[in-house]
Amino acid sequence: LLAAGEARVFRYRHPLPRGFPLGELAMAVVCGRRGGLVANLTRLVSFGHPRARELHAQVLRVEEAALDASRPGASLGEILHTVEEAYEEVGHREAMEAHHQGGIAGYRPRECVAMPGMHTCLAEGMCVAWNPSLPGAKAEDTFLVGSTELENLTFDDRWPQIEVGGRVRPDLLEV
């Protein structure tokens, strides 16, 4: 479990919990193991932060590109190239260098972290967890790669939802 409030969420993508006040924005990152499988997710809560909605929308657009590209036979390098293009489209090309973008998940939080030019290909039955991020925002869930679609293994219908590219994704919780 990783967590950060406003003072730290803009500095750390994997924040160790500390005793600081939350402020206007909070992020929680959870990696949980069940039956051997590790599932990863990140959620954001805004207490009126003025840029939270914009930042969240941008990382969801980058994540959409990664998820659309995650199909059997696609290489991690190809997917990462798609992610890089999506960051450029939202005006944050530099974000590729600030944090790993995720990769194949399974019996570790990442069995294989995607790297540029990597030839490792996805296959049906694998899990992926992409985590595009910007200072102040991150999107992350764990998906099972099917023959024609992805199944979100960390979906929680109690969390606010938003549709992005035909997929239901966790929205920013605004309180």
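## Close-up views of a predicted model

**Figure 1. Surroundings of His92.** Not counting residues up to four places away in sequence, His92 touches Gln58, Tyr87 and Leu134. The model shown here and in the following views is predicted. His92 is found in the loop between α3 and α4. With a relative accessible area of 17%, His92 falls under the 20% limit and is therefore buried. Of the residues touched by His92, Gln58 is one of the buried residues of α2, and Tyr87 is one of the buried residues of α3. Gly91, which follows α3, has a positive phi, near 85°.

**Figure 2. The protein as a whole.** The protein has four helices and 13 strands. Its C-alpha trace spans about 45 × 40 × 30 Å along the principal axes. For 175 residues, a compact globule would have a radius of gyration near 16 Å, and the 15 Å of the protein agrees with this. Buried residues account for 47% of the 175 residues. Of the contacts between residues at least 6 apart in sequence, 55% join residues at least 24 apart.

**Figure 3. The largest nonpolar core.** In soluble globular proteins, nonpolar side chains tend to be buried together. The largest nonpolar core of this protein has 40 residues, and those with the most contacts inside it are Leu76, Ile79, Tyr87, Leu122 and Trp130. At least two residues of this core come from each of β1 (2-5), β2 (25-34), α2 (52-69), α3 (76-89), α4 (95-98), β6 (127-130) and β9. The most is given by α2, with nine residues. Leaving aside neighbours within four places in sequence, Leu122 is in contact with Ser70, Arg71, Pro72, Gly73, Ala74, Leu76, Ile79, Ile104, Val128 and Val145.

**Figure 4. Helices α2 and α3.** The 18 residues of α2 should span 26 Å at 1.5 Å a residue, and the end C-alpha atoms of α2 are 26 Å apart, which agrees. Buried residues of α2 include Leu55, Val59, Leu60, Val62, Ala66 and Leu67, as well as His56, Gln58 and Glu63. Helix α3 has 14 residues and reaches 20 Å from its first C-alpha to its last, close to the expected 20 Å. The buried residues of α3 are Leu76, Gly77, Ile79, Leu80, Val83, Ala86 and Tyr87. An α-helix has 3.6 residues a turn, so residues three or four places apart point the same way. The cover over the buried residues of α3 includes α2, α4, β4, β5, β6 and β7 (133-134).

**Figure 5. The open sheet of five strands.** The strands are arranged in the order β5-β4-β6-β9-β10, with antiparallel pairing. Strands β5 (112-113) and β10 (150-152) stand at the edges with a single partner strand each, so one side of each is left without a neighbour in the sheet. Strands β4 and β5 form a hairpin with six residues between them, and their antiparallel pairing runs over two bridges. Ile104 has Cys112 in β5 as its bridge partner. Four bridges join β4 and β6 in the antiparallel sense, with Ala105 opposite Cys127 in β6. Strand β9 (residues 143-145) pairs with β10 over three bridges, again antiparallel. Here Val145 stands opposite Leu150 in β10.

Figure 6. Gln101 is found in the loop between α4 and β4 (102-105). Gln101 is buried, with a relative accessible area of 3%. A polar atom of the Gln101 side chain lies 2.7 Å from the backbone oxygen of His99. Not counting residues up to four places away in sequence, Gln101 touches Leu80, Val83, Tyr87, Ala95, Met96, Ala129, Trp130, Asn131, Pro132 and Ser133. Among these residues, Tyr87 and Trp130 belong to those with the most contacts inside the largest nonpolar core.

**Figure 7. Thr154 and its polar contact with Asp141.** Thr154 lies in the loop between β10 and β11 (161-164). Thr154 is buried, with a relative accessible area of 10%. The side chains of Thr154 and Asp141 make a polar contact (2.5 Å). Thr154 also touches Ala39, Asn40, Leu41, Arg43 and Thr142, when residues up to four places away in sequence are not counted. The C-alpha atoms of Thr154 and Thr142 are separated by 5.9 Å, and the two residues are 12 residues apart along the chain.

Technical notes: Residues numbered from 1 in each chain as written. Predicted model: local features only at pLDDT ≥ 70, side-chain atom pairs only at ≥ 80, totals over all residues. Heavy atoms only, no water. Pairing = 2+ DSSP bridges. Core = buried A, V, L, I, M, F, W, Y, C linked by side-chain atoms within 4.5 Å. Buried < 20%, exposed > 50% of the residue type's maximum accessible area, 1.4 Å probe, protein only. Contact = heavy atoms within 4.5 Å. Polar contact = N/O pair within 3.5 Å; in protein donor to acceptor, adjacent residues only side chain to side chain. Expected span 1.5 Å × (residues − 1). Rg over C-alpha atoms; globule rule 2.2 N^0.38 Å.
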